[in-house]
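Here are my notes on the model you sent over. Have a look at it first, then go through the points below.

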Amino acid sequence: MIFNETNESECLLECEERRFLNSVCNACKLNMSQTLEHLTEAVQSEWHVFDKGIKWLRYSGVLEGISSLLLFFVAMPLKYVADKPEAVRITGTIHGILFVIYVVTLMQAALVLKRPLSWSVKIFIAAIIPMGPFIIEPSLKREQKELLKA
């Protein structure tokens with residue numbers, strides 16, 4: 001009788017293991033098919049990655065350029081003419097953060113787009129020069145349109 005109970009419990013355990021393994025295998029098949037679908041979509045929409053790289057570079061460049069103009073033409077006159085140094089402190093901090101974001105998006109775009117160092121240097125120098133991001137923006141827009149066509 002003990003022997004039969006042992007066989008019965010082993011059989012139940014084995015059945016439970018099989019059910020578990022079957023559910024795991026079905027989940028794996030489902031996950032693999034979902035993963036393959038995701039990879040296929042990623043390859044088909046690869047241009048979105050390129051587009052986003054240059055799009056964020058353009059956006060951050062415009063924001064950095066605006067903050068530079070605000071710093072030079074609003075905050076600095078307020079500091080020296082109206083004796084309000086906090087204007088430069090606040091605007092300068094915002095401009096510094098936006099400049100760092102611009103440099104990070106520049107590095108990201110250069111890596112994603114596989115651009116040469118000279119491309120990155122040209123855009124970086126434009127970021128340092130007042131009005132530079134606005135001067136370089138049309139060429140980045142043109143480059144983005146070319147990427148969308150390809």
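**Notes on the core and the helices**

1. The largest nonpolar core has 14 residues, and those with the most contacts inside it are Leu-57, Tyr-102, Leu-113, Trp-119, Ile-123, Ile-136 and Leu-140. A nonpolar core here is a set of buried Ala, Val, Leu, Ile, Met, Phe, Trp, Tyr and Cys residues joined through side-chain atoms within 4.5 Å. Buried means under 20% relative accessible area, exposed over 50%, and partly exposed in between, with a 1.4 Å probe and protein chains only. The elements giving two or more residues to this core are α2 (46-81), α3, α4 and α5, and the largest share, 5 residues, comes from α3.

2. Before going on, the ground rules. This is a predicted model, where local features need pLDDT of at least 70 and side-chain atom pairs count only at pLDDT 80 or more, while totals for chains, interfaces and linings use all residues. Residues are numbered from 1 along each chain as its sequence is written, and side-chain values use heavy atoms, with hydrogens and water left out.

3. Overall, the protein chain has 5 helices and 0 strands; helices (H or I, at least four residues) and strands (E, at least two) are DSSP runs, numbered from the N terminus. Buried residues make up 24% of the 150 residues. Of the contacts (heavy atoms within 4.5 Å) with a separation of 6 or more, 67% are between residues 24 or more positions apart.

4. What does Leu-57 touch, leaving aside its neighbours within four places in sequence? The list is Tyr-102, Thr-105, Leu-106, Ala-109, Trp-119, Ile-123 and Leu-140. Two of these names, Tyr-102 and Leu-106, are also among the buried residues of α3, as are His-95 and Leu-98.

5. Helix α3 (residues 85-113) passes a simple length check: at 1.5 Å a residue its 29 residues should span 42 Å, and its end C-alpha atoms are 41 Å apart, which agrees. The expected span is 1.5 Å times one less than the number of residues. Just after α3, Lys-114 takes a positive phi of about 55 degrees. Lys-114 counts as exposed because its relative accessibility is 70%.

6. Asp-83, in the loop between α2 and α3, also deserves a look: its phi is near 55 degrees, a positive value in a residue other than glycine. At 64% relative accessibility, Asp-83 counts as exposed.

7. The axes of α4 and helix α5 (residues 132-149) come within 7 Å and cross at roughly 145 degrees. Axes are lines fitted to C-alpha atoms, for helices over the stretch in contact, and angles run from 0 to 180 degrees between N-to-C directions. The α4 side of the contact includes Trp-119 and Ile-123, and the α5 side includes Ile-136 and Leu-140.

8. Ser-120 lies in helix α4 (residues 117-128) and counts as buried because its relative accessibility is 14%. Not counting residues up to four places away in sequence, Ser-120 touches Leu-106 and Ala-110.

9. Last, the aromatics: a search of the whole structure finds 2 pairs. Rings of Phe, Tyr and Trp (its six-membered ring) pair if their centres lie within 6.5 Å; planes under 30 degrees apart count as stacked, over 60 as edge-to-face and the rest as tilted. The rings of Trp-56 and Tyr-59 have centres 5.8 Å apart and planes at 90 degrees, so this pair is edge-to-face. Trp-56 is partly exposed at 49% relative accessibility, and Tyr-59 is partly exposed at 44%.
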